[in-house]
Amino acid sequence: MRPAAVAGLFYPDDPEQLRRAVRGHLEAGAVAVAAAGRPAAGPVAAGPAPTWDVDPGGDVGPAGSEDGPGAGPDALIAPHAGYRYSGPTAGAGWAALASRPAPVSRVVLAGPAHRVPVGPPGVGVSSAGAWRTPLGDVPVDREAAEDLVATGRAVVADEAHAPEHSLEVHLPFLAEVLPDVPVVPLLVGGRCPPRVAAEAIGQAWERDGTVVVVSSDLSHYLTEAEARRRDDRTLAAIVEGRAGDLQPEDACGRAAIAGLVVAARRRSLAPSVLAVATSADASGDTGRVVGYASLAYRPPRPLEDEERSWLVERARVAVARAVAARRPEPSVDVPPRLRLPGASFVTLRRHGELSGCIGSLEPARPLWHDVARNARSAATADPRFPPLRPRDLDGLAVKVSVLSAVEPLPAGREALLAILRPGVDGVLVEAGGRRGTFLPAVWEALPEADAFLAALLAKAGLPPAGWPADLRAWRYTTDEFGT
């Protein structure tokens, strides 16, 4: 049993007082999330309005987002200060989780080690069978913890867990929202690389019904104005999937957040900002504050027609500037959901003939940036075609394809032929250090799966008549739009 270490300090140690506090913060958080356009500072919005609006339940980004209700999240980021300061902001995250229609079988709870370092690889599990709280004991999924140690992705770090508050303060929320659901407590050291944290989180996330909660505050001990600016930059990096841009001074749980950013991107989950606040909202002291935010990760929704049109126009502008040898377009007002990481292809045609097609298979940058970058490359750097000239812009057709996540396919030829969906699947193959892909649009020219695969192997530089023993294959779908 891991006893409570900060009951009576960060949150009430009396069960009834604690239960009332948790329910109050959940109610305040739910109100804040529903009040799109207001800063979520607690029961009453206070302080200067943040750049980021709260999310009414769908995808969210900077101010101006007006998405509708969405499903409960698959992952959260939520703060861990004393309940007086961060309770309503944390409540916004847990209230969103309470709305999740799908059942939750366990919670992976990851946060920073403030007091005792965690040894290599930088992720520490608890060997306890349960964690005690004033609201009852929370069971630990020891099998999941032992599996992480067995695979070398974590070490037992009971010394680090014993005094740590970053995970403990969330257990009363878990006990109220998801009673009897086991937890996998992970402490992530400040120097743990995002990839290592992502592998540990990803392994624990594999079982159906698992939800990830990353515990972190944001900026520390800046003025109110400085904290708001710093936290805005941090939230932008999280939403845009820029794990490498997160710095230690941005968030005490930076390493755990970066791991979640990477792991969530692999699952094609999109982050939403639910609530933003600082300690000044509760204390009134604006001279030395701590920043807080709650975010939710959900499957993304399809793009709206206005967003598709915006992306096509950005692609056209990028092509025109590239052909004129001008620098990429200066900063533009980007629709919030297009700031999320995405993978795309841009296809250019002149008089019906292909003149360039370049793309990305994995979401490595914000979608709008990916589209603009691929448009420039399709116009000037596709090795199959000469670069476009200014006079080639007249009548140029531009098509944007936004890719889904890739899904592994069986590698055997017959099994692959049996599972392919002509006209639907884009296909990626790789063997012998060579790879190639066809977008779903290629099925129009090659409607038979045999011919489609043979041409794809040839494109990848592989023998179309044979079948490489080390071949791997994946499929994806696309949302295609443009002219």
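I start with a helix: α13, residues 449–459, lies across β18 and β19 and runs at about 135 degrees to β19. Helices (H or I, at least four residues) and strands (E, at least two) are DSSP runs, numbered from the N terminus. Contact means heavy atoms within 4.5 Å; axes are lines fitted to C-alpha atoms, for helices over the stretch in contact, and angles run from 0 to 180 degrees between N-to-C directions.

This is a predicted model, in which local features need pLDDT of at least 70, side-chain atom pairs count only at pLDDT 80 or more, and totals for chains, interfaces and linings use all residues. Residues are numbered from 1 along each chain as its sequence is written, and side-chain values use heavy atoms, with hydrogens and water left out.

Now to the sheet. Four strands form an open sheet in the order β17-β20-β18-β19, with antiparallel pairing; two strands pair if DSSP finds at least two bridges between them. At its edges are β17 (407–409) and β19 (434–438), each pairing on one side only. From one strand to the next, the twist averages 25 degrees. Within the sheet, β18 (residues 426–431) and β20 (residues 472–476) pair in the antiparallel sense over five bridges. Leucine 428 has tryptophan 474, in β20, as its bridge partner.

I turn to the pockets. On a 1 Å grid over the protein atoms alone, a pocket is an open set of points with protein on both sides within 12 Å along at least five of seven lines, where a 1.4 Å probe fits; lining residues have an atom within 4 Å of a point. Grid points are joined across faces, edges and corners, and a volume is the space filled by probe spheres set on the points.

The largest pocket has a volume of about 910 Å³. Its lining comprises 36 residues, with Ser268, Pro341, Gly342, Pro363 and Leu403 nearest the centre. Helix α8 gives the most to this lining, four residues.

What is the volume of the second largest pocket? It is about 750 Å³. This pocket is lined by 28 residues, and Cys357, Arg384, Leu439, Val442 and Lys459 lie nearest its centre. The elements giving two or more residues to its lining are β13 (344–350), β14 (353–359), β16 and β19, so edge strand β19 returns here.
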